[in-house]
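Welcome! Take a moment to look over the chain shown here, and then let us walk through its sheets, helices and charged pairs together.

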Amino acid sequence: IETMNFEYGGPPEVLRNQIIKKNSKKKIIYVLKLKLLSYFYLFKILFIKSYRLKFYRFLKKIDIIHFHEIWSLKVIIIIYLANKLLIKHFFVGHGYLDEWSLKQKLFKKFLFTFFFLKPLIKSSVAFFSSTKKEYIDIKKNFKLNDTFIIPNGIDLDQFNKRNLEHKKIKKILFFGRIHEKKGLKILIEAVKDLPSSYFDNFLFEITGPGSINKIKEIKKLIKSYSLEKKVLVNLPILRKDKIEYLKKFDIFILPSFEEGDSIALKEALASYMPVIISKQCRLSIVEEYEAGIEIETNKKSLLNALMRLKDLDLIKMGYNARKLIEDKYDNKICSQRLLNVYKDLINVTKSSEDWVQD
């Protein structure tokens with residue numbers, strides 16, 4: 001993985017949850033942070049025999065390499081060396097390979113995909129997708145080997161039970177990276193068109209890390225519509241404060257253009273928050289559980305969903321949200337399922353029910 005920093009978004013939190021379970025009895029998962037490996041060092045490994053032999057000794061201790069990073073030359077070098085030793089590897093999608101993501105920096109990604117990524121995926125022992133919809137999207141552009149589908153889990157031991165109360169003013173929260181893919185501009189455009197009476201009952205807050213330029217851009221847009229008192233932009237919070245922070249809010253919103261399997265969304269559900277999410281979040285089950293509203297990624301659809309909130313039983317939806325996580329996304333179960341796949345890969349079996357049967 002690139003880094004385990006909170007600012008990097010969902011993948012570090014996903015990996016932390018998996019480690020909590022899989023390393024609970026014996027340490028079997030080791031994390032290599034690519035950020036700590038310089039290209040200079042990796043090139044020395046490639047071209048200087050003594051460095052290369054030392055890295056080979058390190059790799060020989062490993063049975064499987066599980067990549068949470070895709071768009072990196074460092075990954076190419078590591079897989080090249082791992083393939084020399086016949087060490088198995090696989091990628092997890094994390095939303096990196098869907099249509100929206102592939103269109104960003106189109107020319108660079110086309111070249112990287114053609115010359116490097118497709119051969120790397122071909123040489124992998126499997127592919128890991130978090131949702132069936134993500135798997136279907138990726139198959140449109142990539143030929144995948146054996147694929148398994150396991151959703152991201154939530155460590156429910158960290159998210160205590162809550163008693164929800166009726167509030168006159170309910171807070172709607174966007175919680176995540178300030179990034180163009182998250183649909184924040186659509187959110188602000190929709191808020192602009194809400195009637196003034198709406199804010200007698202609802203307020204909006206945006207909290208999360210992001211580049212200085214992206215945060216300035218969002219603040220400038222809010223100011224241009226005179227929404228400073230209706231949409232607050234907060235400083236990022238520390239990871240250790242996250243769970244208590246989420247309890248202060250009543251509704252979670254994520255009108256994203258692209259998500260693999262958003263961990264922030266599931267943390268909000270675990271915190272008893274009903275949600276408004278785009279279809280690209282690939283969690284339509286929130287509507288089946290009456291725990292949220294699924295929208296198209298456009299202003300009209302989002303505006304309609306926001307207006308519906310006034311007539312919904314948000315308390316009941318909050319309890320439904322928690323039940324959804326308890327029923328479907330308990331980290332203890334999801335991580336055990338991944339551990340079962342690891343065993344299959346090592347033993348060249350397919351005992352797990354999570355393998356895709358085409």
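Two strands count as paired if DSSP finds at least two bridges between them. By that rule, β9 and β10 pair in the parallel sense, with 4 bridges between them. Helices (H or I, at least four residues) and strands (E, at least two) are DSSP runs, numbered from the N terminus.

A word on the source: this is a predicted model, in which local features need pLDDT of at least 70 and side-chain atom pairs count only at pLDDT 80 or more, while totals for chains, interfaces and linings use all residues. Residues are numbered from 1 along each chain as its sequence is written, and side-chain values use heavy atoms, with hydrogens and water left out.

**The sheet of six strands**

β9 and β10 belong to an open sheet of 6 strands with parallel pairing, in the order β7-β6-β5-β8-β9-β10. At its edges are β7 (231–234) and β10 (292–295), each of which pairs on one side only. From one strand to the next, the twist averages 20 degrees.

Let us look at individual partners. Valine 275 has glycine 292 in β10 as its bridge partner. Elsewhere, β6 (residues 202–207) joins β7 through 4 bridges, again in the parallel sense, and isoleucine 206 stands opposite valine 233 in β7.

Is β10 covered on its faces or open? Both faces are covered: Gly292 and Glu294 on one side are buried, as are Ile293 and Ile295 on the other. Here buried means under 20% relative accessible area, exposed means over 50%, and partly exposed lies in between (1.4 Å probe, protein chains only).

Helix α11 (residues 263–270) lies across β5 (170–175), β8 (251–254) and β9, at about 165 degrees to β8. Such angles run from 0 to 180 degrees between N-to-C directions, with axes fitted to C-alpha atoms, for helices over the stretch in contact; contact means heavy atoms within 4.5 Å.

**The sheet of four strands**

Another open sheet has 4 strands, in the order β1-β2-β3-β4, and its pairing is parallel. β1 (64–67) and β4 (147–149) stand at the edges with a single partner strand each, so one side of each has no neighbour in the sheet. The twist here averages 20 degrees from one strand to the next. Helix α15 (residues 331–347) packs on this sheet and touches β1, β2, β3 and β4, its direction making about 135 degrees with that of β1. Within the sheet, 3 bridges join β2 (residues 88–92) to β3 (residues 126–129), and valine 92 has phenylalanine 128 in β3 as its bridge partner.

**A helix with two sides**

Now find α9 (residues 212–224). Ile218, Leu221 and Ile222 of α9 are buried. These residues cover an arc of only 100 degrees around the axis, which puts them on the same side of α9; the arc is that of the directions from the helix axis to the C-beta atoms. The buried residues pack against α8 (184–192), β6 and β7. On the other side of α9, Ile212, Asn213, Lys216, Lys220 and Lys223 are exposed. After α9 comes serine 226, with a positive phi near 55 degrees.

**Charged pairs**

Side chains of opposite charge can pair when their charged atoms come close. A salt bridge is counted when a side-chain nitrogen of Lys or Arg is within 4 Å of a carboxyl oxygen of Asp or Glu, and the model has 25 of them. Some examples follow.

| Salt bridge | N to O distance |
|---|---|
| Lysine 242 and glutamate 13 | 3.3 Å |
| Lysine 140 and aspartate 137 | 3.6 Å |
| Aspartate 261 and lysine 266 | 2.8 Å |

Aspartate 261 and lysine 266 are both buried. Salt bridges with shared partners link Glu13, Arg16, Arg239, Lys242 and Glu267 into one network. Lysine 242 and glutamate 13 are both buried, whereas lysine 140 is exposed, with a relative accessible area of 55%.
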